[in-house]
Amino acid sequence: MTAFFDRPRGAKLAYSLRSGSTPTIVFLPGYASDMQGAKALALDAWAAEHGQAMLRFDYAGCGESEGRFEDGTLTSWRDDALALVDGLTQGPILLVGSSMGGWIGLLVAEARPERVAAFVGIAAAPDFTDWGFTQDEKMALLSKGRLERPSDYGAPLVTTRALWQSGEALRMLHREIAVDCPVRLLHGQRDSDVPWHHSPHLAGKLRSADVQTILVKDGDHRLSRPQDLDLLIATVASLIG
């Protein structure tokens, strides 16, 4: 059942919180995605079956949350995640971030190191505002304030100057990433959105010594086939132990 978290100085955020054992699984959706995706729902069903606590939510301007999508930035969506983690959960958490949600999850892990028991990235895409745009696209963003690009998943994806600039300010891959918990990075080698070699590169930047990169040779960006979902669930279950 969807509930709403009332931020004092922001949009009401849609969320679904399942009570149960800790660590609480926290699912962080990708760009222009929401908490009703196949991966989030598969994890939620597994959590229900095993009595595990889980939090799913929509960033402001996405899904059922209030706000305009084009007003969102990496900074504001990171702050949405932190507000919900701080306001709705207690004790250890296990972050699961898909694509852009992987970047936001890493930012949350650095901001709340004492809370994060483990991190799972699914085609995690830190710094995509840097490597994910051509120089011409970056110049168009700066001059016009927004950029529309076709998407395989529906309507064209809009990127704003504010989102791009916030992403550039929050880049992580030029430094050691201060995450010390166990990390698992899942990535399909047929991913046309986030090339798979980004995950091994990310693994090398993480401070944690307990990092594994799991490549799915015939997997795409979504990793939402039944066998992909089984892999995700098995990975999360192994970290909960």
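Modeller: The largest pocket has a volume of about 1000 Å³, a volume being the space filled by probe spheres set on grid points joined across faces, edges and corners. A pocket here is an open set of points on a 1 Å grid over the protein atoms alone, where a 1.4 Å probe fits, with protein on both sides within 12 Å along at least five of seven lines, and lining residues have an atom within 4 Å of a point. This is a predicted model, in which local features need pLDDT of at least 70 and side-chain atom pairs count only at pLDDT 80 or more, while totals for chains, interfaces and linings use all residues. Residues are numbered from 1 along each chain as its sequence is written, and side-chain values use heavy atoms, with hydrogens and water left out.

Colleague: Which residues lie nearest the centre of the largest pocket?

Modeller: Of the 39 lining residues, those are Tyr31, Ser99, Tyr153, Leu157 and His221.

Colleague: And which strand gives the largest share of the lining?

Modeller: Strand E8, with five residues; strands are DSSP runs of E with at least two residues, helices of H or I with at least four, numbered from the N terminus.

Colleague: Switching to the sheet, what is the strand order?

Modeller: The open sheet of eight strands runs E1-E2-E4-E3-E5-E6-E9-E10 with mixed pairing, where two strands pair if DSSP finds at least two bridges between them. Its edge strands are E1 (3-6) and E10 (211-216).

Colleague: How many bridges join E3 to E5?

Modeller: Five, and the two strands run parallel; Thr24 has Ile93 in E5 as its bridge partner.
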